[in-house]
Amino acid sequence: MNPARGSLLGIEHLEAAEILRLLKFARRMNPDKPRPLLKGKRVMLLFYESSTRTRSSFEIAAKSMGAHTVLIQSFGSSIEKGESLLDTGYTVRAVGADIIVIRHPNAGAPYVMAQHIDVPVINAGDGLHEHPSQALLDAYTILRNKNTFKGLQVAIVGDIFHSRVARSACHLLSKFGVKIILCGPPELVPDIATTLAPGIRVTRHIDDALRGTDVIMLLRVQSERLSGLKLDLLEYITRYQMNPARLKMAKKDAIVMHPGPIIRGLELTSEIADGAQARILEEVRNGVPTRMAILARAMGKMR
Ligand code: CP
């Protein structure tokens, strides 16, 4: 079965025009001015991994459009008893799901779901693969701050290897000709990362990444994924942590983004996290209208 129309499984195969259409629609969405585009629909939030931002903003987005939401987490559901991904999918469909939002530790899990269940499936993050709604809300945030993608340089710093956020961001930004510089030690940013999308460069030097940069996207150093890697966190902090002195190397009006959760003292200092150039909480806020647009699109209401 082909995925249902309106599914959002990744950014890689989404056309630039469709991305712009989604972002334009998101600008019209406001959770404080509810619009009943999803009145009476049931949105199933199927989370096999922990989440704060993605889960809460999908829930607020769905409710502000009149939908009912049901949260199913692996803990406390029949997933714990060994129910398979597809059997859980068939079950939520049988109880009346109109949209399935799924986060799963395995890359491809949303695709498997979408091939078997006849409702739109939204990927809320799958393993190391993609996090399309995060890339869209980040693009929304960049456009709100910089007005255009034209001529932009974006430095992505941190654990790119383990980051579905970085993967989706690279796919999206490269479709609009953004100059992308990936920065970090080889353990976290292998040279092969340049093949992720057109127009990507890798550097090991933070000053090289920051020079002339409009947007600094920091990524979480995912300590839970680092077992087996010989990464010295102290050395990481010394070489890559974003601090006020380093921020001065970027353009004067550069913005600092981070998908969260942030680890103060590791990827960035508190001066940066709470500073005037940080857009970290703005990204979180922008997640709601962006996810409203994603859900409206899923139901064919993005008009
Ligand atoms: N950015 C992000 O996906 O955050 P959560 O894990 O809190 O959803």
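Trainee: Which polar backbone atom is 2.9 Å from an oxygen atom of the ligand?
Mentor: That atom belongs to Arg53. Before we go on, this is a predicted model, in which local features need pLDDT of at least 70, side-chain atom pairs count only at pLDDT 80 or more, and totals for chains, interfaces and linings use all residues. Residues are numbered from 1 along each chain as its sequence is written, and side-chain values use heavy atoms, with hydrogens and water left out.

Trainee: Got it. Which side chains place a polar atom by a ligand oxygen?
Mentor: Thr54 has a polar side-chain atom 2.6 Å from an oxygen atom of the ligand, and His131 has one at 2.8 Å. A polar contact here is a pair of N or O atoms within 3.5 Å; within protein, one must be able to donate a hydrogen and the other to accept it, and residues adjacent in sequence count only if both atoms are side-chain atoms.

Trainee: How much of the ligand's accessible area does the protein cover?
Mentor: On its own the ligand has 260 Å² of accessible area, and the protein covers 90% of that. The areas come from the Shrake-Rupley method with a 1.4 Å probe; for residues, only the protein chains shown count as cover.

Trainee: And which residues surround the ligand?
Mentor: Ser51, Thr52, Arg53, Thr54, Arg103, His131, Gln134, Pro259 and Gly260 do. By class, the shell has one nonpolar, six polar and two charged residues. In that scheme Ala, Val, Leu, Ile, Met, Phe, Trp, Tyr, Cys and Pro are nonpolar, Asp, Glu, Lys and Arg are charged, and the others, Gly among them, are polar.

Trainee: Where does the ligand lie relative to the domains?
Mentor: The ligand lies between domain 1 (16-130 + 285-298) and domain 2 (133-283), because both give residues to its shell. The domain bounds come from an automatic or database domain assignment.

Trainee: Back to His131: where is it, and is it buried or exposed?
Mentor: His131 sits in the loop between strand S4 (121-126) and helix H5 (132-146). Helices (H or I, at least four residues) and strands (E, at least two) are DSSP runs, numbered from the N terminus. His131 is buried, with a relative accessible area of 4%. Buried means under 20% relative accessible area, exposed over 50%, and partly exposed in between (1.4 Å probe, protein chains only).

Trainee: New topic. Which residues touch the most other members of the largest nonpolar core?
Mentor: Among its 87 residues, those are Val101, Phe149, Ile156, Leu172, Leu182 and Leu295. Helix H11 (residues 280-298) supplies the largest share of this core, eight residues. Domain 1 and domain 2 both contribute residues, so the core lies between them. A nonpolar core is a set of buried Ala, Val, Leu, Ile, Met, Phe, Trp, Tyr and Cys residues joined through side-chain atoms within 4.5 Å.

Trainee: Where is the cis peptide bond?
Mentor: It joins Gly260 and Pro261, with omega about -5 degrees. Pro261 is in the loop between strand S9 (255-257) and helix H10 (270-273).

Trainee: Last one: which residue has a positive phi although it is not a glycine?
Mentor: Asn147, at about 70 degrees. You'll find Asn147 in the loop between H5 and strand S5 (153-157), and it is exposed, with a relative accessible area of 66%.

Note on methods:
Near = heavy atom within 4 Å.
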